[in-house]
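Here is a short report on a structure. Read it with the sequence and the model side by side.

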Amino acid sequence: MNDPTPDLERLISRHLDGEATPQERRELNARLRDPHAAALFEECRALDREVGRALRSALGSSGRRRAPLRERTARSLLAVAAACLALLFWFNIGRSGGPTGGSNSASLAGNVSASWFASPPTPQDVLVERPEWFERPQIQIGRPEVKWIVVPSQNPGEWLVIEVDRLLRRTVPIQKDF
Amino acid sequence: MADATVDAAMAQALIRAAQRGDRRALEQIVHAHEGWVRAVIYGTTGRRDLVDDVAQQVWAQVWQRLDSLHDPRRLRAWLYSIARHAALDAAQERQRRRAVALDAVAETLGAQPGGGPVGGVACGELRETLLRAVEALPAIYREPFVLRHLADWSYARIADLLGLSVETVETRLVRARRLLREMLQGKIEP
């Protein structure tokens, strides 16, 4: 009989890397009913998590650069335009199908209170079951780091200095139980 | 698909601008690619202490040799080739210097080179143990593993960069995980 482990390892690897198809995920789920397979899965998942953290903590990942001024201005203008459109849409609905008039009011009345400005119903608190894979709470600390890449220019004695933001991420478990 | 075309066109325009000497264009290229270039350097050498120095060398070479990149669509492959060669050269140079230094120490002390645990400072931290395990992987497994975890690339993208098939990348990642599991047995709690 063939050893099923290599195939299982491949499935787990694909799942951890986000490459598994829905069918492969179903197959993996089915195989995880076997305790040995589940143990292997947990081992691989923990290893991936910890090694990934160690690598990101040691070498960092590229931090987000602040967008250039022109780009930021364009984004702000887009946001203002979107807000204006939303307001226009709001008033249009208010006139044609708001709660005080229009043909849609009856259907809306069941869900919406008499005023548009009434606060929405407060959702009930739901106690979430603690999942089986519950882990001790952790906090993630990101230490931004600025590095410079210095490139010599064609002109002697002239250098081009490029600032690079980097984020060194570290996850710290909260040891104390409250 | 349209977005990808626009992105590719913008990237090509950026490279052309950098080739004309536009420094801001080079700056944008550096920001877009320096993360995975560092991953390649670490994946190739398995040495954290070389990453920053080699990255500097790579970008200096890129700036000097950008004119030789005739097809901007090949930027990633071109960068990879520069980064890999620079990383291998730096690792060899460091190894050579270390061997010379160890010989000198051995001569001075009258000891045989390689007779003791040189530089083997025991470090109890889990992070250090994990990094050492990654660094102990054969380069062919370490490279895709680091690109996957640091640059967060898909199999297809890694395969494209390393000039391998997607299946080979997948197999190497499975083997990298297997080797790491063997090396770190009992050190990580699921």
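## Helices, contact and core

The buried residues of α1(A) are covered by parts of both chains: α2 (22-31) and α3 (35-59) of chain A and α8 (166-183) of chain B are among what covers them. Contact here means C-beta atoms, placed from the backbone, within 7 Å. Helices (H or I, at least four residues) and strands (E, at least two) are DSSP runs, numbered from the N terminus.

This is a predicted model: local features need pLDDT of at least 70, side-chain atom pairs count only at pLDDT 80 or more, and totals for chains, interfaces and linings use all residues. Residues are numbered from 1 along each chain as its sequence is written, while chains are lettered from A and ligands numbered from 1 in the order in which they are written.

Helix α1 of chain A spans residues 5-16. Its 12 residues reach 16 Å from first C-alpha to last, close to the expected 16 Å, which is 1.5 Å times one less than the number of residues. Just after α1(A), A:Gly18 has a positive phi of about 70°.

Buried means 20 or more other C-beta atoms within 10 Å of the residue's own, with C-beta atoms placed from the backbone.

| Helix | Buried residues |
|---|---|
| α1(A), residues 5-16 | A:Leu8, A:Leu11, A:Ile12, A:Ser13 |
| α5(B), residues 126-136 | B:Leu130, B:Leu131, B:Val134 |

The three in α5(B) lie on the same side of the helix, because they cover an arc of only 95° around its axis. That arc is taken from the directions from the helix axis to the C-beta atoms. Among what covers them are α3 of chain A and α6 (139-151) of chain B.

How many residues does each chain bring to the contact? Chain B brings 36 and chain A brings 30. On chain B's side, α2(B) gives the most, with 8 residues.

Chain B has 8 helices and 0 strands. Of its 190 residues, 35% count as buried. Among its contacts between residues at least 6 apart in sequence, 65% join residues at least 24 apart.

The largest nonpolar core holds 62 residues. Such a core is a set of buried Ala, Val, Leu, Ile, Met, Phe, Trp, Tyr and Cys residues joined through C-beta atoms within 7 Å. B:Ile41, B:Val54 and B:Ala83 touch the most other members. The largest share of this core, 9 residues, comes from α2(B).

Key. Buried ≥ 20, exposed ≤ 12 C-beta atoms within 10 Å, placed from the backbone. Contact = placed C-beta atoms within 7 Å.
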